[in-house]
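Thanks for coming, everyone. Please have a look at the model on the screen while I talk.

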Amino acid sequence: MPASDFARALQQYLESSLGPLQSLRPVPGGGAQDAAVWHAIFASGKQIAVKKHVHAGAGEVEFGVLKMLHTLGAPVARPLQWDPHLGVLTSEWVGQRTLAAAISAANVSQPRKEHALHTLAQSLLRGCAALETACVGIAERLPLRTTGEPQRRQAEVRERCRSAPETYLRFADHCNLAVPKGWTSALQAAWNVVTDSLCDGCLTFGGRDCTPRNVLTDGAQVWFLDFAVIGLDWPEARLAQYAAYLGANTPGILPLSLLTYGEERWYVESGCIDSAQLDMHHLVLWSEAARLLLDGKLGTLPSQDRLLGQRLRQALRLALFPLACKTPAEPVRSLLATVFANELTE
């Protein structure tokens with residue numbers, strides 16, 4: 001259906017149930033590849049979010065999951081209706097910026113940068129704890145089709161860990177570093193330990209698109225978006241992804257994570273995750289960040305060599321940051337720190 005025809009059909013649909021519209025505008029960057037989002041404001045002053053799904057099945061799933069999450073007290077916008085004919089899901093409007101935008105703004109603010117990032121981190125951790133609790137309630141209600149799902153998730157993480165040493169070899173080549181003899185095989189052996197330990201972790205039910213752009217925040221509270229793709233995953237992996245900001249559209253912003261050791265300990269003590277597992281998922285995530293940087297997948301960089309090297313070093317620092325002590329991640333960090341010691345001091 002052409003966009004103009006859909007816009008007219010959408011306006012008619014909204015006005016038939018909620019009254020005259022004052023404005024109906026697309027949200028820049030709203031929605032994933034298979035969806036688009038509009039902000040509707042009515043003459044009555046009521047505001048709602050309108051999400052158009054390309055695939056009706058995904059929209060129906062998301063509506064059902066959102067209803068259960070909201071009922072269980074999870075920090076999500078209240079869903080209103082699902083219209084299968086138009087493929088439209090409506091929910092209450094949460095007029096806040098994304099967590100990704102908030103992190104970017106805090107990262108460049110002075111002199112309150114650290115305080116702003118700490119506040120955002122605490123908001124995210126409280127929200128994740130509430131979301132994980134609600135997702136347990138949903139899992140108990142649904143006849144989940146989990147056949148093969150743990151194996152698929154484990155295969156994904158094994159593939160990421162298997163390709164990680166190659167990423168760091170490419171990084172060494174970029175830095176014109178000579179890799180010590182036997183380093184590659186030692187690093188792969190260390191990553192094998194990480195892989196086995198990760199795959200022993202407990203998979204839980206939840207969303208699968210867990211990025212800062214799918215979280216809204218006012219600084220003190222968060223609301224989670226996008227539950228069209230759900231399934232089993234590690235809660236530690238979800239938290240690591242929600243807390244990671246890569247700044248694809250802002251090349252001047254370096255990769256960073258909201259998590260500090262103290263904040264991670266607070267979340268561990270909440271009982272939602274295991275400290276060692278989060279430590280290893282953090283390492284895997286930043287290995288992926290380095291690979292994406294090397295592949296040019298995180299935006300076009302002006303002054304390519306200088307900024308690319310800067311962002312790679314920042315990603316490496318984050319990979320080496322110990323969130324927990326004496327975990328299977330330690331051999332990997334030790335090898336990386338040895339080879340890239342000079343790079344890390346620049």
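This is a predicted model: local features need pLDDT of at least 70, side-chain atom pairs count only at pLDDT 80 or more; totals for chains, interfaces and linings use all residues.

Start with helix α5, residues 149-174. How far apart are its end C-alpha atoms? They are 37 Å apart. Now check that against expectation. The helix has 26 residues, and at 1.5 Å a residue it should span 38 Å, so the two values agree.

Past the end of the helix, find Asn176. Its phi is positive, near 55°.

Which residues of α5 are buried? Among them are Val157, Cys161, Ala164 and Pro165. Tyr168 and Phe171 are on that list too. Hold on to those last two names.

Now for charges. Side chains of opposite charge can pair when their charged atoms come close. How many salt bridges does a search of the whole structure find? It finds 20. I will show three.

An α-helix has 3.6 residues a turn, so residues three or four places apart point the same way. Arg153 has 9%, so Arg153 counts as buried. Glu149 has 13%, so Glu149 is buried as well.

The second pair is Glu156 with Arg208. This salt bridge is 3.2 Å, N to O. It links distant parts of the chain: Glu156 is in α5, while Arg208 is in the loop between β7 and β8, 52 residues apart. Glu156 is partly exposed at 37%. Arg208 is partly exposed too, at 22%.

Arg160 is partly exposed, at 39%. Glu288 is buried, at 11%. Now a wider view. Salt bridges with shared partners join Glu149, Arg152, Arg153, Glu156, Arg208 and Asp233 into one network.

On to the rings. A pair of aromatic rings is described by the distance of the centres and the angle of the planes. The structure holds five such pairs. Take Phe6 and Trp38. Their centres are 5.4 Å apart, with 45° between the planes, and the pair is tilted. Phe6 lies in helix α1 and Trp38 in strand β2, so this pair ties together parts 32 residues apart in sequence. Phe6 is buried, at 8%. Trp38 is buried at 17%.

Next, Trp183 and Phe340. This pair is edge-to-face, 6.3 Å centre to centre, with 80° between the planes. Trp183 is in helix α6 and Phe340 is in the loop between α11 and α12, so the pair ties together parts 157 residues apart in sequence. Trp183 is buried at 4%. Phe340 is buried at 0%.

And those two names from earlier?

Methods:
Residues are numbered from 1 along each chain as its sequence is written. Side-chain values use heavy atoms; hydrogens and water are left out. Helices (H or I, at least four residues) and strands (E, at least two) are DSSP runs, numbered from the N terminus. The expected span of a helix is 1.5 Å times one less than its number of residues. Buried means under 20% relative accessible area, exposed over 50%, partly exposed in between (1.4 Å probe, protein chains only). A salt bridge is a side-chain nitrogen of Lys or Arg within 4 Å of a carboxyl oxygen of Asp or Glu. Rings of Phe, Tyr and Trp (its six-membered ring) pair if their centres lie within 6.5 Å; planes under 30 degrees apart count as stacked, over 60 as edge-to-face and the rest as tilted.
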